[in-house]
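Please work through the following exercises with the sequence and the model open beside you. Each one sets a task and is followed by a solution that goes step by step.

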Amino acid sequence: MGILFHKEEQLFQIITPNTEYCIKIVDQRYIGHVYYGRRLEDPRCGYLLRTAEPPFTPSVNQREKGGFMDSFPFEYPAWGVGDYRESCLNVRTEAGYRGCELVYEDYRILDEKPGLPGLPATFGKGQTLEIICKDPVIGLKVILCYSVFDDSDAIIRSVFLENLSQQPLYIEKVLSACLDMDAEEFDLLTLNGAWGRERCIEQNPLSYGKHGISSVRGESSHQEHPFLAVMERRGHQDQGQVYAMNFVYSGNFLAQAEKSQFNSLRMVMGIHPEGFEWMLEPGKTFASPEAVCVYSDQGLGKMSRIFHDLYRNHLIRSPYLHTKRPILINNWEATYFDFDSEKLIAIAKEAKKSGIEMLVMDDGWFGNRNNDDSSLGDWQVNEEKLKGGLKALTDSVRAEGLLFGIWFEPEMISPDSRLYKSHPDWALKLPGREGTLIRAQYVLDLSRPEVVDYAYESVASILRSCDISYVKWDMNRQLTDVGSIYLDSARQGECFHRYVLGVYQLQERLIQEFPDLLLENCSGGGARFDPGMLYYSPQIWCSDDMDPVERLSIQEGTALIYPLGTIGAHVCDCPNHTTGRTTPFTTRGHVALAGTFGYELDITSISKEDREQIPEQIRLYHKYQPLIREGDYYRIGSWRETKKYDCWQVVSKDQKEALVTYVQVLTEPNYRSRKLYLKGLNPKAEYRLEIEDQKALKKRADEKNGNVARRLLESDGQVYSGRLLMQGGFLIQRLEGDFQSLLFHFVQV
Ligand code: GLA
């Protein structure tokens, strides 16, 4: 394991526990991609670069250099000198010329994984390869960084630029990673969505041309996600080669796969070049955000587990990462803006009786915010609603025995606010244009240090004033009119990126000053659910759509990359406020258990029958949360594909227990039991089945058509071998009615 350089072969080998990545220097100049896949451990692999085939390298065939440039698998392709595929780098000089050619100069192998200034970055015990190259004509130094950790199959990529010239250079495009290889018969996988249906998996055959997803909305977005994978055409959850990239960044991105004339495939990922330009002054440096590359030879399931472990072990810093998070109740869908201290205390009292541990006060507690038209930026408590102020409320909630959490949207400013009246220029604006409103709000110009300070103090002063354990940090609109009067004309193209750096700075300050705070990021639901934000908060609100049926696809797509413990999920009211669907309380609980778990309903007014189920759901949370948070995730059936049911499984790292969640979305007439093949168990071990929700099942068993419930109860305690459950399968009876779900716990005996 580790990073090696073979001088004779001019070959770098980056070796992880199960994968290998090889790079070769050709003509002492060009940096080419040789191999990425299962471990090869043979430095003679350099011939795979095909430099012995026409058009040959420029040193032996200078007259056809163009042909070489347009077919060579560059590790980091630059724009303008003959490579017409998607480039990673485009630079303009002071004189206005564009074009860049990188020449290999040197390398360093570091026994560490350095951080990135001002940016989220993976960390831990590892090694880093720095390949140093230069464009001597324009005086640009470029360092390509590849980091690996001892316990992970991911490779972390980033790029550093340094201006060695005497004049400014204008960086028009700087992506973070490129993967240039042969295009096999691949499918392209992306995550697409909208508000209320984030990160749904999309899979299509990869054809010729450029297939990209991106965001130019200033955030990673509801619509497309900074993730891209190609999978062998016949691959699936457990089989097939997969190459994936995920971007550790929360702003504009471009992710693209391009199949070109020679049947080669180039995958790239980085900051979207549209609206981006960075003026690099002489002697200055620029660091790109990180892109994570993962190769799996065992399908999507293994890819997901590599991402999950990487993020749990090397990205999320919160002290809550490995601890049980307090079970919260949030008042948003319970009251919306219509609440006061009395109502909140009534919710807290009732919640406490059921075992809930924290009350979260959502939007509407400040300024004159009685609807979403006003007051963002005026972070002073509305004492008409909260009589006696915030401290009185937090003290009362604490006296009820609950922790207290609060909602903020610190990056925003309402035109109808005191803040806007005194600082209209603090909003992002283009001179002479009226800014485009979204949800009646503008975005603060976080490229300005004094605006960052104001936003920080708005949050921090409240946190300093009372006993607050949790913050939900929201961001409810995309960026438009991205201009800043703070930046001079040559720097307007930096505004998008500086905004993201401002957000990161704010959250970094927050977690430094309040190290015990549980921070949950949110963006109109899940529009900023990305690895960048996970560096600051251990959990992110996944979607405003809490309907458990919709959540099956949303959470499946999210869990394709992110550990279940990061996925903000609540038991919602019924009928659901987004879809109007009526679902059983049990199913809402089971689906929320595959995330952070909490409640978002008016506990004082839901039916007694539902309320009485809460203590049992909370028992399940306490019992299974460590397994769900730390275990290995396996997808057994996907509602998106089966059209009938959904099923996932979490297995403890020591394979001693597994939890299977089964949701029968639609009842089917006339079928026998369904066979599910479990995964990840120890084939030689014996497992005893424990069926959960027995109280409810017993009640159903006593009813007239209670056969299924009776049979389920009879199977409780049965013992199966791991091999039998995985190879033979496990039978699930047809349940009575749509949207029913079951939890099966297998414990090694
Ligand atoms: C966003 C969030 C919701 C809620 C509202 C409040 O939509 O995703 O959970 O906090 O804002 O305005």
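**Exercise 1. Determine how the residues of the shell around the ligand divide into nonpolar, polar and charged, and find which residues come nearest.**

Solution. The shell divides into 4 nonpolar, 3 polar and 6 charged residues, where Ala, Val, Leu, Ile, Met, Phe, Trp, Tyr, Cys and Pro count as nonpolar, Asp, Glu, Lys and Arg as charged, and the others, Gly among them, as polar. Of the 13 residues around the ligand, those that come nearest are D362, D363, K472, G525 and D544, a residue being near if one of its heavy atoms lies within 4 Å of the molecule.

Before going further, note that this is a predicted model, in which local features need pLDDT of at least 70 and side-chain atom pairs count only at pLDDT 80 or more, whereas totals for chains, interfaces and linings use all residues. Residues are numbered from 1 along each chain as its sequence is written, and side-chain values use heavy atoms, with hydrogens and water left out.

**Exercise 2. Find the distances from oxygen atoms of the ligand to the side chains of D363, R439 and N476, and then state how much of the ligand the protein covers.**

Solution. Begin with D363, which has a polar side-chain atom 2.6 Å from an oxygen atom of the ligand. For R439, an N or O atom of the side chain is 2.9 Å from a ligand oxygen, and for N476 the corresponding distance is 3.0 Å. These are polar contacts, that is, pairs of N or O atoms within 3.5 Å; within protein, one must be able to donate a hydrogen and the other to accept it, and residues adjacent in sequence count only if both atoms are side-chain atoms. On its own the ligand has 300 Å² of accessible area, of which the protein covers 96%; such areas come from the Shrake-Rupley method with a 1.4 Å probe, and for residues only the protein chains shown count as cover.

**Exercise 3. Describe the backbone and setting of R439.**

Solution. Phi of R439 is near 45 degrees, a positive value in a residue other than glycine. This arginine lies in the loop between α6 (418–422) and β25 (442–443), where helices (H or I, at least four residues) and strands (E, at least two) are DSSP runs numbered from the N terminus. With a relative accessible area of 29%, R439 is partly exposed, given that buried means under 20%, exposed over 50% and partly exposed in between (1.4 Å probe, protein chains only).

**Exercise 4. Explain why strand β10 is largely enclosed, and identify strands that pair with it.**

Solution. Strand β10 (residues 169–182) has 13 of its 14 residues buried, so it is largely enclosed by the rest of the structure. Next, look for its partners, bearing in mind that two strands pair if DSSP finds at least two bridges between them.

- Strand β5 (residues 89–93) pairs with β10 in the antiparallel sense over 5 bridges, and V91 stands opposite I171.
- Strand β18 (residues 278–280) runs antiparallel to β10 and is joined to it by 3 bridges, with W278 opposite I171.
- Strand β17 (residues 264–271) is also antiparallel to β10, with 7 bridges, and M269 is the bridge partner of A177.
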